[in-house]
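Here are my notes for a colleague who is opening this model for the first time. Please keep the structure in view while going through the points.

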Amino acid sequence: MPQTVITVETTGPGLYDFTRAADAFVRGAGAGEGLLTVFVRHTSCSLVIQENADPDVRRDLDDFFRRLVPPANDPSMRWLRHTTEGPDDMPAHIRAALTQTSIGIPVSGGRLALGTWQGLYLFEHRDRPHTRQVVLHLSA
């Protein structure tokens, strides 16, 4: 059962496509059928499968989550206790809790069984750049 860790460099909030890296791992493993488990090793970012054609989808998602969970220094977020790591930290944890840190993707014919317009993204919720680790585990 092959496993690897890939690195995703982020420059701030938004969705970072790593579909090609995941698909290359699956193709390199030589499995025909199976399940790829994708897991992010952080608590202030998450994983999503989302449309990969129109970049407005990614921008709208990011804007929606910023409106849903504003920074800690927004008056509506006065109730937060965890603020020592900056105004974007606890909101990032909340956004990650609302999405997912692990995704299972079927593998069929040696490729990810994603739909035509689907891509695999790391959803960065922090304002500053980060180096994120994503674990890929293939079960055949």
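This is a predicted model: local features need pLDDT of at least 70, side-chain atom pairs count only at pLDDT 80 or more; totals for chains, interfaces and linings use all residues.

1. Start with β1 and β8. Strand β8 covers residues 130-139. Eight bridges join β1 to β8, and the two strands run antiparallel.

2. Five strands form an open sheet with antiparallel pairing. Their order is β1-β8-β3-β5-β6. Which strands sit at the edges? They are β1, residues 3-10, and β6, residues 111-112. Each of these edge strands pairs on one side only.

3. Next, the aromatic rings. The count comes to two aromatic pairs. One joins Phe64 and Phe65: the ring centres are 5.4 Å apart and the planes stand at 85°, so this pair is edge-to-face. The cut-off for that label is a plane angle over 60 degrees. Another pair joins Phe65 and Phe123, with centres 5.4 Å apart and planes at 90°, so this pair is edge-to-face too.

4. What does the pair of Phe65 and Phe123 tie together? Phe65 lies in helix α2, residues 55-68, and Phe123 lies in strand β7, residues 118-124. The pair therefore ties together parts that are 58 residues apart in sequence.

5. Phe64 is at 46% relative accessibility and counts as partly exposed.

6. Turn to the largest pocket. Its volume is about 160 Å³. The residues that line this pocket include Thr19, Arg20, Asp23 and Arg27. Asn52, Arg111, Leu112, Leu114, Gly115, Thr116 and Gln118 also line the pocket. Which element gives the largest share of the lining? That is α1, with four residues. Helix α1 spans residues 19-29, and both α1 and β6 supply at least two residues of the lining.

7. By class, the lining of the largest pocket has two nonpolar, five polar and four charged residues. One of the strands named above, β6, is thus both an edge strand of the sheet and a contributor to this lining.

8. Check Ser44. This residue lies in the loop between β3, residues 34-40, and β4, residues 45-51. Ser44 is buried, with a relative accessible area of 6%. What does the side chain of Ser44 contact? It makes a polar contact with the side chain of Arg132, at 3.1 Å.

9. Finish with Trp117. This residue is found in the loop between β6 and β7. Trp117 is exposed, with a relative accessible area of 57%. The cut-off for exposed is over 50%. How far is Trp117 from Ala53 in sequence and in space? The two residues are 64 residues apart in sequence and 6.2 Å apart in space, C-alpha to C-alpha.

Definitions and conventions: Residues are numbered from 1 along each chain as its sequence is written. Side-chain values use heavy atoms; hydrogens and water are left out. Rings of Phe, Tyr and Trp (its six-membered ring) pair if their centres lie within 6.5 Å; planes under 30 degrees apart count as stacked, over 60 as edge-to-face and the rest as tilted. Buried means under 20% relative accessible area, exposed over 50%, partly exposed in between (1.4 Å probe, protein chains only). Two strands pair if DSSP finds at least two bridges between them. On a 1 Å grid over the protein atoms alone, a cavity is a set of points where a 1.4 Å probe fits but cannot get out, and a pocket is an open set with protein on both sides within 12 Å along at least five of seven lines; lining residues have an atom within 4 Å of a point. Grid points are joined across faces, edges and corners, and a volume is the space filled by probe spheres set on the points. Ala, Val, Leu, Ile, Met, Phe, Trp, Tyr, Cys and Pro count as nonpolar, Asp, Glu, Lys and Arg as charged, and the others, Gly among them, as polar. A polar contact is a pair of N or O atoms within 3.5 Å; within protein, one must be able to donate a hydrogen and the other to accept it, and residues adjacent in sequence count only if both atoms are side-chain atoms.
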